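Dear colleague,

Please find below the structure I am handing over to you.

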Amino acid sequence: PASVGFQNVVFRYPGNDTVVHHDVSFDIPRGGMTAFVGPSGAGKSTVFALIERFYEVERGRVTLDGKDVTEWPLGDLRASIGYVEQDAPVLAGTLRENLSIGVPDADAAAIWDVVRQARLEEVVARLPQGLDTEVGHRGNKLSGGERQRVAVARALLRKPRLLLLDEVTSQLDARNENALREVIGEVSGRTTVVVVAHRLSTVSMADRIVVMDAGRVRATGTHEQLLSRD
Ligand code: ADP
Ligand code: ADP
C-alpha cells in the first residue's frame, strides 16, 4: 500500500482567482482507510485531483510514498492509483468490457484470469449482482448503484496501491452499501483506501478522518478523538 502526504499546499484552479486550498497539510500512512469529510466546496475532491497530478500546486508539496508527485513518471503514478468518482461513467459495452478497461493486456478471455489471480472472484461476485454469469449485460442498462459497483470492481482489478473513492455508496441501497463497505474493508490491508464521505456509515468505518472546510484542514484524528473534542 502507498502513503500520501500534503505539506502546506496552496492551490488555485488554472485561470481562477479563488484559492481552493489555503494551507493544506496531512499525512496518510500506508494501508487502512482515511475519510475526508466536510461541506460541499471544501476542497475534498481537489485533494484527489492533486494526488493524481491533474494540476500543479502553487506552493507546498504533494507526495506519494514520500516522493513528490512531480518526480514520479506520470504513468507509474497513475498506475498506482485507482480512482472512482461519484457518478462513475460506465460504457455502453458489456460488463466484461467495462471491467477490462485499464487491466494490462486484458482481452475478453483474459479478464477472468486476472480476476482469479487477484483472488477477487468473491469480491467481484458481490459487486454487481450476478456479474459472474451475466458478463454480457450492457453497461448502459445498469442502475446508478450498479454502475458504482462496476466502477469499484474495475478499479480493484488493476490492483492499485492507493484507492481514491469519491463517495461511491451514495446510490446504493443498504444491503449493497454494506457489501461494498465490506469489500473496501477487505482491500484496505493491501491498498491504502481514501474516501470522500458524506454518510456517517462510511465515516465510522474509517481508521482516520480529515475534516476540511473552506480549503483548510480543520481537524484530523480517529472517530473517537474527533467526537471527544467538543
Ligand atoms: P468538495 O469535493 O469538498 O466538494 P471540490 O474540491 O470539488 O470540493 O471543490 C473546491 C472548490 O474548487 C469549489 O469552490 C469548486 O467550485 C472549485 N472547483 C472544483 N473543480 C474545479 C475546476 N475544475 N475548475 C475550477 N474550480 C473548481
Ligand atoms: P463537481 O463534482 O464539483 O461538479 P467535477 O465533476 O468536474 O466537479 O470534479 C470534481 C473534482 O474532482 C474536481 O476538483 C476535479 O478536478 C476532480 N477530478 C475530476 N476527475 C478526477 C480524477 N480522475 N481523479 C481525481 N480527481 C478528479
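The notes below cover the surroundings of the two ligands.

This is a predicted model, in which local features need pLDDT of at least 70 and side-chain atom pairs count only at pLDDT 80 or more, while totals for chains, interfaces and linings use all residues. Residues are numbered from 1 along each chain as its sequence is written, chains are lettered from A and ligands numbered from 1 in the order in which they are written, and side-chain values use heavy atoms, with hydrogens and water left out.

Ligand 1. The surrounding residues (a heavy atom within 4 Å of the ligand) include P39, S40, G41, A42, G43, K44, S45 and T46. Helix 1 (residues 44–51) contributes the most, three residues; helices are DSSP runs of H or I with at least four residues. As polar contacts (pairs of N or O atoms within 3.5 Å), an oxygen atom of ligand 1 lies 2.7 Å from a side-chain N or O atom of K44, and an oxygen atom of ligand 1 lies 3.1 Å from a polar backbone atom of A42. The protein buries 59% of the 560 Å² that ligand 1 exposes alone (Shrake-Rupley method, 1.4 Å probe).

Ligand 2. Y13, S45, T46, F48, A49, E52, F54, Y55 and Y83 surround ligand 2, and helix 1 again supplies the largest share, four residues. A nitrogen atom of ligand 2 is 2.3 Å from a side-chain N or O atom of E52. An oxygen atom of ligand 2 is 2.3 Å from a side-chain N or O atom of Y13. Of the 560 Å² of accessible area that ligand 2 has on its own, the protein covers 49%.

Yours sincerely

Notes:
Polar contact = N/O pair within 3.5 Å; in protein donor to acceptor, adjacent residues only side chain to side chain. Helix = DSSP H or I, 4+ residues; strand = E, 2+ residues; numbered from the N terminus.
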